[in-house]
Amino acid sequence: MGMDKKQKPTICVIGGSAAGMAASICAAREGAKVILIEGNEKLGRKIYATGNGKCNFLNIDQDRSHFHTSGDPAWISDALNCMDNDFVLTFFHELGLPSVVRHGGYYYPANESAATVVTCLEDEIDRLGVEVILSDRMRSLRYEDGRFSVQLRSGRAFEADAVILAMGGSASPKFGSDGSGYYYAKNFGHTIVEPLPALCPLKLKENGATFSVWAGTRINDASITLIIDEKPVISEKGEILFTDYGISGIPVFQVAGSAAIALEKNQKVSVEIDLAPGTDPEDAENAFPEWREYFGERTLQEQLSRIFPVKLIEALKVIPDRNKKMATMKATAFGKAFDTLKHLRFDVFYTSGFEQAQVSSGGVSLPEVEPVTMESKKQPGLYFAGELLDVYGDCGGYNLQFAFTSGAIAGRAAAQSCLQGGRE
Ligand SMILES: Cc1cc2nc3c(=O)[nH]c(=O)nc-3n(C[C@H](O)[C@H](O)[C@H](O)COP(=O)(O)OP(=O)(O)OC[C@H]3O[C@@H](n4cnc5c(N)ncnc54)[C@H](O)[C@@H]3O)c2cc1C
């Protein structure tokens, strides 16, 4: 790189959120001069919003099936094997941030404050002397005569020996990630796998339900099955929220990425919701004679409203015989109505879009990036980290884990490569 041996290499990190802050810290710890450029007025804006302000940054369950890509899943394993979950815990421990594990194996900072995570990262960035530039966005990136030239909107310009793109994807653009990272990657010859919203609510067709009536209700322990071209593909359990456009909640988020990809391919996408998983319609049938004896004057709808949220039952016009008095009904008819609530089928016509998505699927195609360094195979000295890559994870801390880990790998590798003159 034509660098004086005593001179520190300069690494420019673009994007100052989870991936970019981890990259800056790891590059600076290796001895590089680091310039971190962030379009927002402060670092880590998206991190403040994560985990409902508590920042769920890791999960105990490290099964690789929690990470998704359109490419080869072995790439993700190769990357995460370089720096596993112990690395993430040690990284934060060394920043003075202890953690706790909650329901579902979700890791949070001990004080359950996302703001503290940002503060600890900022403190380390400060201690290491990283030059932080805020409220300025990169507007051009070029590679000439063995060096990168970074131009900012303000007119400021920098030369760098290596550049790490950690600009996020297209999800939740209000936090600064507007998809511009894809543009810069493309300019260096990279393939971009179509970015789509993932971990987001689903918009449904009102097949036999009135969404304005069920809006605001929730069921704690429901299950949802995603059905693509009439084949069930994934089932998830947990709290489902019913909204005026469809459904939301963690189990819905978990299936939304696959739904978006199938919709993009023009496949038929629907969901089946079970309001009472683990309960057999036969149990309902068996309980029915006693209810009929005591509450025969009640309609079926009134009785079901004592088991499920009133507005939800009111909205479900598909329930057969719902206005019939129980005194006039047979137990089998009650069982049939209950069974309807275990197989509520709705066509999905769209996700809620990038605005409400927590992450994007798609991004920089993995075969074009080295998993153990995050370096571009198209342009030496160019590195990628975080959501910009064609990787996303389930709810539960996997996305931040990938952002921190890939950022750390990129930062360390970029600095080591420059210091060893590895790109000459
Ligand atoms: C509401 C919400 C809750 C979430 N909760 C969780 C959770 O609990 N656990 C979990 O694991 N994940 C969660 N996620 C997902 C997680 O936050 C992201 O996957 C993660 O932040 C990705 O990190 P990143 O650094 O790659 O990208 P981002 O966090 O998107 O950061 C990219 C940064 O780059 C900057 N940037 C972009 N372009 C430019 C440019 N041209 N010049 C300068 N700067 C630029 C942006 O301003 C932004 O700050 C949540 C997401 C949202 C929206």
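## Ligand shell

Around the ligand, the shell comprises twelve nonpolar, 19 polar and five charged residues; here Ala, Val, Leu, Ile, Met, Phe, Trp, Tyr, Cys and Pro count as nonpolar, Asp, Glu, Lys and Arg as charged, and the others, Gly among them, as polar. The model is a predicted one, in which local features need pLDDT of at least 70 and side-chain atom pairs count only at pLDDT 80 or more, while totals for chains, interfaces and linings use all residues. Residues are numbered from 1 along each chain as its sequence is written.

The shell holds 36 residues, of which Gly15, Ser17, Gly168, Gly176 and Gly386 come nearest to the ligand (a residue is near if its C-beta atom, placed from the backbone, lies within 6 Å). Two or more residues each are given by helices H1 (18-29), H2 (45-49), H6 (180-187) and H13 (398-419). H13 supplies the largest share, four residues. Helices (H or I, at least four residues) and strands (E, at least two) are DSSP runs, numbered from the N terminus.

## Strands E5 and E6

Strands E5 (residues 99-102) and E6 (residues 106-109) are paired antiparallel over four bridges; pairing requires at least two bridges found by DSSP. Serine 99 lies opposite proline 109 of E6. Three residues separate the strands in this hairpin, where glycine 104 adopts a positive phi near 80°.

## Domains

An automatic or database assignment sets the domain bounds, giving domain 1 (10-196 + 362-419) and domain 2 (201-352). Their centres, taken over C-alpha atoms, are 40 Å apart. Six residues of domain 1 and seven of domain 2 form the contact (C-beta atoms, placed from the backbone, within 7 Å). On the domain 1 side, three residues are nonpolar, one is polar and two are charged.

Definitions and conventions: Contact = placed C-beta atoms within 7 Å.
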